[in-house]
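Welcome! Take a moment to look over the sequence and turn the model around, and then we will walk through it together.

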Amino acid sequence: MLQFETINELTLKVTCTGNDVLFTKAGAFIAGENPGGKNYKFEKVLLGPQNNFGQALLGSLTRRISGENLPLMKVHLNGDSVTYYANYGQHVVTYHLEQGETISVESENILAFTQDCDYGVRFIGVGILSQKGLATSTLTGRGQNAYVTVLSDGNPIVLSNVHSRETISADPDAVICWIGNGHCDPQVKADVSWKTFIGQASGESYQFEWNGNAGVTVMIQPSERKGGIRVGID
């Protein structure tokens, strides 16, 4: 049994009771403690977190094609222990997924998740906005111990229209993840005109938009990724 806890905003604390398995970003381990000799070990994940070889191979190919490549390591926890994980001082946010609840997250923002989460990659858009399809990694809760921890460059803000049913718009390069049940992918809205193609764009020529029917919670970091979507003609 695993329990996730965020401490000091920058570190994930994982408490293990008994034997279990954890998936984390490769190299994210920073410390650990347990009674007796060390009872946990690390293994590089060559293909993917899926137990089925065929699914893992297909998932690896999909991630490479979509740009959602995810360098993972598998942590084997053999007994009671507490281990700690972080990534270059980024803020960490931990979320417990309900049964059937899905978090869609940029692969680079994944720090760790438990094996009660089903991992996949989903395309959410293609077209003139990018030289490749727009894709997101997904983690879906399928057990009572479905924990996910994500990374943020700075303290994130959280917007939700689950109760308000308001429209949410966000810069894709600042979006960390969105959470909801069923189909809650954003629409890609573009504000492209002749000015865009002569270098006079506003810098906000595209946005993710969730309408009021989505029932979604969106986490946004106060920093934009470099090398995001580039507006141009195919």
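How many bridges join β3 to strand β10? Three bridges do so, and the two strands run antiparallel. Before going further, please keep in mind that this is a predicted model.

**The chain as a whole**

The chain has 234 residues, and 48% of them are buried. Its secondary structure comes to one helix and 19 strands. If you take the contacts between residues at least 6 apart in sequence, 80% of them join residues at least 24 apart.

**Strand β3 and its partners**

Let us return to β3, which covers residues 19–25. This strand is mostly covered, with six of its seven residues buried. Its pairing with β10 (residues 110–114) is antiparallel, and there you can find Thr-24 standing opposite Ala-112. β3 is also joined to β6 (residues 72–78), this time by seven bridges, again in the antiparallel sense. Within β6, Lys-74 is the bridge partner of Phe-23.

**A buried lysine**

Lys-25 has its place in β3. The side chain of Lys-25 does, however, reach the backbone oxygen of Glu-108 at 3.3 Å. Leaving aside neighbours within four places in sequence, the residues in contact with Lys-25 include Pro-71, Leu-72, Met-73, Asn-87 and Leu-151.

**An open sheet**

Now look for an open sheet of four strands, in the order β1-β2-β7-β4, with antiparallel pairing. Its edge strands are β1 (2–7) and β4 (29–33), each of which pairs on one side only. From one strand to the next, the twist averages 20 degrees. At one end of that order, β4 pairs with β7 (residues 81–85) over four bridges in the antiparallel sense. Here Ala-31 stands opposite Tyr-84 of β7.

**The salt bridge**

How many salt bridges are counted? The count comes to one. In this salt bridge, the side chains of Arg-142 and Asp-118 meet at 2.6 Å, N to O. The pair links distant parts of the chain, 24 residues apart: Arg-142 is in the loop between β12 (134–141) and β13 (147–152), while Asp-118 is in strand β11 (residues 117–125).

**A loop with positive phi angles**

Finally, visit the loop between β1 and β2 (11–16), where Asn-8 lies. Glu-9 is found in that loop too. Asn-8 has a positive phi of about 55 degrees although it is not a glycine. For Glu-9, also a residue other than glycine, phi is positive and near 70 degrees.

| Residue | Relative accessible area | Class |
|---|---|---|
| Arg-142 | 38% | Arg-142: partly exposed |
| Asp-118 | 39% | Asp-118: partly exposed |
| Asn-8 | 69% | Asn-8: exposed |
| Glu-9 | 42% | Glu-9: partly exposed |

Why does Asn-8 count as exposed? Asn-8 is exposed because its relative accessible area is 69%, and the cut-off for exposed is over 50%. Glu-9, at 42%, is therefore partly exposed.

Notes:
Residues numbered from 1 in each chain as written. Heavy atoms only, no water. Pairing = 2+ DSSP bridges. Axes fitted to C-alpha atoms, helices over the stretch in contact; angles between N-to-C directions. Polar contact = N/O pair within 3.5 Å; in protein donor to acceptor, adjacent residues only side chain to side chain. Contact = heavy atoms within 4.5 Å. Buried < 20%, exposed > 50% of the residue type's maximum accessible area, 1.4 Å probe, protein only. Salt bridge = Lys/Arg side-chain N within 4 Å of Asp/Glu carboxyl O.
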